[in-house]
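Colleague: Could you walk me through how to read the packing and pairing here?

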Amino acid sequence: MSFAFRPARRAAFSVFSRVLSGGLTAAAALALPGTAFAAQPEPWQMGFQKAATPMMEQVDEFHDLLLILITLISLFVLALLVMTVVKFRESKNPTPSKTTHNLLLEVVWTVVPVLILVVIAVPSFRLLYYTDKAPEPTAAEKAAGKTVMTVKAVGHQWYWSYEYSTAEGGKLRFESRIACRGTIDPENRKECEEANKSFQAKHKRDVIRLLDVDNEMVLPVDATVRVYVTAADVIHAWTIPASGAKVDAVPGQTNETWVRFTRPGWYFGQCSEICGQDHAFMPIGLRVVTAEEYKAWLAAAWKKATEDSDGFSVVREPQKTARTGTPVKGTPARIAAASAQR
Ligand SMILES: [Cu+2]
């Protein structure tokens, strides 16, 4: 999808976006030495984070269209106001007109705003439908073996958990909690420092306070990923600004969005629904890697899951127990424990 204003927009915004993206890249390089790209909020940031998915590129374009429209409308209204104040001031216009109706004027000021709304509504609805469902792979992509990957994100008070479908006969589940953000308690401080040191050793960079997590979500670059979002307790919202995806995580309901990251790097978001006292401390950390790196990560994560370690576990399909017939969900250990109790 491309809007008709695109060439004009390019001219008007190229300088602005170049300054912005230049600033972002420089700041990202400072924050994350050795990392290609990181999407996170920056001090004095003026615009959106740099788009990393086709969806966010379209959000940017729609935003720019609206910016042009509201600027033109504001300038027009300002011009009318100035004209009225100057031309119809008391000294210049001592006997005001008593006109109350003007058919042509009334038709114009009704029809023109309607047309403006239509101009906004068409790309708006197109974008809404585009963000709603992951596009099915084209014939060429299917021939190349490309499919739509599915990941489930579950909001909890106050962390996220992710479930990946695997070919191993079970789902990979892991918990993603905020990396230690500092503490004044001397006992916990030691633990915190150690956790952050092992983070540094693993990722070759410092922890970004309030945005980094212990177990980040990992996705392959250029893969279409359908993200199912739900919650286990109260309403949360899963979002990564650079991807354009933002969807409510509602208990008992599964919402859907999708992402396709066009370049590797780190991407960060935060729960965007006021969900309780630690709402600010359940960030979303995502690392986008090459297909090979993803395979290696998945194999290592699956190994950890089968060992039930480090917050990683395997979710089997619900199994029915012989006595009660009630399905039991959870890790192999939990299913075995529940079966033993019955
Ligand atoms: Cu939340």
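Colleague: In which sense do strand β2 and strand β3 pair, and over how many bridges?

Modeller: A word on the source: this is a predicted model, where local features need pLDDT of at least 70, side-chain atom pairs count only at pLDDT 80 or more, and totals for chains, interfaces and linings use all residues. Residues are numbered from 1 along each chain as its sequence is written. Strands (E, at least two residues) and helices (H or I, at least four) are DSSP runs, numbered from the N terminus; two strands pair if DSSP finds at least two bridges between them. Here β2 (residues 149–156) and β3 (residues 159–165) are antiparallel, with six bridges. Lys152, for instance, has Glu163 in β3 as its bridge partner.

Colleague: In what order do the six strands of the open sheet run?

Modeller: The order is β9-β6-β2-β3-β4-β12, with mixed pairing. At the edges, β9 (255–259) and β12 (312–315) each pair on one side only. From one strand to the next, the twist averages 25 degrees.

Colleague: At what angle do helix α2 and helix α3 pack?

Modeller: Axes are lines fitted to C-alpha atoms, for helices over the stretch in contact, and angles between N-to-C directions run from 0 to 180 degrees. Helix α2 (residues 54–87) meets helix α3 (residues 103–132) at about 170 degrees, the axes being 10 Å apart. The two are therefore roughly antiparallel (an angle over 145 degrees). Residues in contact (C-beta atoms, placed from the backbone, within 7 Å) include Phe62 and Leu66 of α2 and Ile120 and Leu127 of α3.

Definitions and conventions. Angles under 35 degrees count as roughly parallel, over 145 as roughly antiparallel, 65 to 115 as roughly perpendicular and the rest as oblique. Two residues are in contact if their C-beta atoms, placed from the backbone, lie within 7 Å.
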